[in-house]
Amino acid sequence: MATRIALWRTLFTEQPRTIVENSDFTVTAFRYASGVEGLKVENSRGHLVILPWMGQMIWDAQFDGHDLTMRNMFSQPKPASEVVATYGCFAFHSGLLANGCPSAEDTHPLHGEMACAAMDEAWLELDGDSLRISGSYEYVMGFGHHYQARPAVVMHKASALFDIHMAVTNLASVAMPLQYMCHMNYAYVPDATFSQNIPDTALKLRESVPAHVKPTEQWLAFNQRILQGEATLATLNQAAFYDPEIVFFADKLSDYTDRPEFRMISPDGTTFVTRFSSAELNYVTRWILYNGDQQVAAFALPATCRPEGYLAARRNGTLIDLAPQATRSFTVTTGIA
């Protein structure tokens with residue numbers, strides 16, 4: 001039987017406060033100098049820092065002595081309504097009415113409204129060998145959409161793998177559009193290799209150029225070499241060519257497997273893994289970027305569609321129309337295998 005512990009904002013002060021402690025887990029509430037509340041959740045292998053009141057982002061992830069989070073310019077999370085204004089987290093929920101990079105014709109913010117959502121509730125659940133950090137957010141707009149989102153993160157006893165959940169229920173009387181991506185910004189590991197249980201040929205280089213990407217001659221030439229089969233990104237050994245970003249898409253994963261699994265293997269043998277269901281998340285993006293300010297090897301970003309914005313998903317037939325009172329749920333398992 002699960003034990004539920006409600007969280008409230010007054011628990012979070014500049015002086016860290018332990019709110020749960022047993023032989024398997026320690027949970028500490030604190031507040032950053034920026035005013036953003038943080039929840040540090042530890043087991044014997046490492047910890048996560050979750051922002052329970054801001055989209056339930058995972059700000060920091062460290063296990064077995066490895067920092068899993070991308071190198072970035074943020075020393076702490078900043079109060080923000082759009083994720084780009086606090087882009088230093090390990091993971092966030094991209095969506096839900098729209099996600100990805102908006103085109104010039106789109107009107108939604110980068111990665112949608114959920115990433116920095118002001119959560120209505122937050123709580124912990126202790127159940128056997130697991131600890132669940134949950135929250136609830138009601139989106140409602142006059143003459144617009146109305147839904148409830150229930151994100152969660154589950155840590156397990158003595159494990160460096162954890163689960164990221166999202167459930168969304170349409171509370172309106174008409175169908176709502178739904179796009180979702182579990183956006184995990186893994187750290188760049190020099191000379192790491194990639195593997196997955198789908199064919200390498202399923203990963204296609206993005207050939208479009210979003211507005212935020214400013215091509216250089218070197219970058220254009222490298223992309224052309226990839227397209228011609230003269231270069232690959234199977235190994236992270238050409239950092240000079242990964243600025244601006246290099247992006248790959250894999251579509252309709254269910255054509256290959258029910259349980260996609262993607263791995264990034266560091267030279268020391270550490271294996272970072274991401275697993276999910278293709279019935280829930282049938283698309284994946286690989287995002288690589290290396291420059292002086294940001295270094296990321298997001299080897300697998302599971303999603304319901306490509307992250308090219310609302311209008312592209314509508315054109316491509318990958319936008320979900322969620323019926324009134326219906327719920328869709330998504331689960332991703334990630335961490336160190």
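This is a predicted model: local features need pLDDT of at least 70, side-chain atom pairs count only at pLDDT 80 or more; totals for chains, interfaces and linings use all residues.
Good morning. I begin with a salt bridge between Arg206 and Glu245, whose closest N and O atoms are 2.8 Å apart. This pair ties together distant parts of the chain: Arg206 sits in the loop between strand 15 (204–205) and helix 1 (217–227), while Glu245 sits in the loop between helix 1 and strand 16 (246–250), 39 residues apart. Both Arg206 and Glu245 are buried.

Let me now turn to the salt bridges as a set. How many does a search of the whole structure find? The search finds eight. One of them is formed by Glu37 and Arg9, with 3.0 Å between the closest N and O atoms. Here too distant parts of the chain are linked, since Glu37 belongs to strand 4 (residues 37–43) and Arg9 to the loop between strand 1 (3–6) and strand 2 (17–21), 28 residues apart. Glu37 has a relative accessible area of 9% and is therefore buried. Arg9, at 37% relative accessibility, counts as partly exposed.

Next, the backbone. In general, most residues other than glycine have a negative phi, and most peptide bonds are trans. Which residues are joined by the cis bond with omega about 10°? They are Gly95 and Leu96, and Leu96 is placed in strand 8 (residues 91–96). Two non-glycine residues with positive phi also deserve mention. His111 has phi near 65° and is found in the loop between strand 8 and strand 9 (121–127). Asp191 has phi near 70° and is found in the loop between strand 13 (176–184) and strand 14 (193–196). Is His111 buried or exposed? His111 is buried, because its relative accessible area of 6% falls under the 20% cut-off. Asp191, at 46%, is partly exposed.

As an example from a strand, consider Val154, which lies in strand 11 (residues 146–156). Val154 is buried, with a relative accessible area of 7%. Beyond its neighbours within four places in sequence, Val154 is in contact with Ser130, Leu131, Arg132, Phe162, Asp163 and His165. By contrast, the C-alpha atoms of Val154 and Pro102 are separated by 31 Å, the two residues being 52 apart along the chain.

Finally, the chain as a whole. Its secondary structure comes to two helices and 22 strands. Why does the radius of gyration agree with a compact globule? For 337 residues such a globule would have a value near 20 Å, and the protein chain has 19 Å. The C-alpha trace spans about 55 × 50 × 40 Å along its principal axes. Of the 337 residues, 56% count as buried. Among contacts with a separation of 6 or more, 61% are between residues 24 or more positions apart. The chain exposes about 14,100 Å², of which carbon and sulfur atoms supply 49%. There are 24 positive and 35 negative side chains, and the centres of the two sets lie 1 Å apart. Thank you.

Definitions and conventions: Residues are numbered from 1 along each chain as its sequence is written. Side-chain values use heavy atoms; hydrogens and water are left out. Helices (H or I, at least four residues) and strands (E, at least two) are DSSP runs, numbered from the N terminus. Buried means under 20% relative accessible area, exposed over 50%, partly exposed in between (1.4 Å probe, protein chains only). Contact means heavy atoms within 4.5 Å. A salt bridge is a side-chain nitrogen of Lys or Arg within 4 Å of a carboxyl oxygen of Asp or Glu. The radius of gyration is taken over C-alpha atoms; the globule rule is 2.2 Å times the number of residues to the power 0.38. Accessible areas come from the Shrake-Rupley method with a 1.4 Å probe; for residues, only the protein chains shown count as cover. Lys and Arg count as positive and Asp and Glu as negative; His and the chain ends are not counted. The place of a charge is taken as NZ of Lys, CZ of Arg, CG of Asp or CD of Glu.
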